[in-house]
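Here are my notes on this model, as numbered points. Please read them with the structure open.

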Amino acid sequence: MEILLAKSAGFCFGVKRATQMAFAAAAEYSHICSLGPIIHSPQVVDKLAEQGVEVIEQVENIPAGAVIIRSHGVTAGEIQAILDRDLTMVDATCPFVKKAQEYAARLGAEGYSVVIVGEAEHPEVQGIVSYAATGQVLVVANAAEAEKLPRLGRVGIVAQTTQSFENLRQVADICMKKSRELRVFNTICDATTVRQNEAREIAQQVDVMLVIGGYNSANTTRLAHICQEILPDTHHLETAQEIESSWFTGARRVGITAGASTPRWLIDEVVSRVAELAGK
Ligand code: SF4
């Protein structure tokens with residue numbers, strides 16, 4: 001049985017950076033927590049908990065000490081509350097997310113209506129919204145929602161970092177017709193697209209596909225759905241312990257990929273387990 005492992009599998013730049021910062025902070029501070037889970041990997045969150053990093057959801061519940069800000073950021077209000085309480089802040093917000101927050105703040109301050117292309121419920125989007133809050137802020141998921149926007153004056157567009165370029169372009173086209181002036185900031189990070197394209201390519205060449213990552217990770221779940229559409233024999237799993245030998249009956253090639261929040265050690269364990277079952 002041959003194994004095809006995606007080159008892009010696992011941590012993206014921002015998640016790798018945030019995780020490294022979190023482990024370094026855990027070694028430095030005796031009282032430390034993260035505001036929400038640092039990344040969408042229960043196994044990484046558990047490892048950090050072993051180092052004393054507790055997950056706390058509300059700033060007011062942080063007793064004292066240091067607080068780590070997750071890779072997809074928090075709201076401007078939460079940052080202010082941390083500063084007001086004189087807590088030590090370890091800001092692991094991905095620089096790409098930070099850029100989107102900064103553009104939203106700038107557009108809002110300059111009097112533009114800010115249109116954010118993304119999922120309204122996603123914490124990254126809620127963070128971006130909070131920075132633009134000085135003016136009118138509108139979140140649209142897609143072209144159909146953009147069509148429902150009212151006639152606007154000066155409009156600035158910012159995208160959630162994981163959006164597809166095509167979706168941003170379609171929303172921008174519609175906003176152009178609805179506004180007097182339009183500025184578009186392409187704040188998309190290509191980590192998601194790169195992983196999705198590679199997963200598609202591999203799923204077309206194999207008999208079984210494994211997608212590793214947190215069940216709470218939207219990008220891993222999306223990756224698994226993309227593969228499933230091409231290859232029904234796709235399994236979304238978090239750890240090697242979940243692998244069942246029956247998955248590989250009659251299989252000659254197995255593809256493996258992982259979401260942007262999946263650490264290397266979990267990928268290596270899955271590869272070793274599959275190799276073991278393949279008798280390598
Ligand atoms: S997907 Fe992109 S924006 Fe999000 S954390 Fe990773 S590198 Fe940063």
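1. β10 covers residues 208–212 and β12 covers residues 253–258. The two pair in the parallel sense, over 5 bridges. One of these contacts can be found by residue: M209 has G255 in β12 as its bridge partner. Keep in mind that this is a predicted model.

2. Now the sheet around that pair. β10 and β12 belong to an open sheet of 4 strands, in the order β1-β12-β10-β11. The pairing is parallel. β1 (2–5) and β11 (234–237) stand at the edges. Each has a single partner strand, so one side of each is left without a neighbour in the sheet. Neighbouring strands here are turned by 20° against each other on average, direction ignored. As background, strands of a sheet pair through backbone hydrogen bonds, either parallel or antiparallel.

3. A helix goes with this sheet. Helix α10, residues 264–277, lies across β1, β10, β11 and β12. The helix runs at about 165° to β1.

4. There is another open sheet to look at. What is the order of its 4 strands? The order is β7-β6-β8-β9, and the pairing is parallel. The edge strands are β7 (137–140) and β9 (181–185). Each of these pairs on one side only. From one strand to the next, the twist averages 20°.

5. Within that sheet, look at β8 and β9. β8 spans residues 154–159 and pairs with β9 in the parallel sense, over 5 bridges. R154 has E181 as its bridge partner in β9.

6. Next, the ligand. Which residues surround the ligand? They are C12, G14, C94, F96, T161, C189 and A191. How does this shell divide into nonpolar, polar and charged residues? The division is 5 nonpolar, 2 polar and no charged.

7. Last, the site itself. The space that the ligand takes is the largest pocket.

Terms used: Residues numbered from 1 in each chain as written. Predicted model: local features only at pLDDT ≥ 70, side-chain atom pairs only at ≥ 80, totals over all residues. Heavy atoms only, no water. Near = heavy atom within 4 Å. 1 Å grid on protein atoms, 1.4 Å probe; cavity = no way out; pocket = protein on both sides within 12 Å on 5 of 7 lines; lining within 4 Å. Sits in = over half its atoms within 2 Å of the grid points. Nonpolar A, V, L, I, M, F, W, Y, C, P; charged D, E, K, R; others polar. Pairing = 2+ DSSP bridges. Axes fitted to C-alpha atoms, helices over the stretch in contact; angles between N-to-C directions. Contact = heavy atoms within 4.5 Å.
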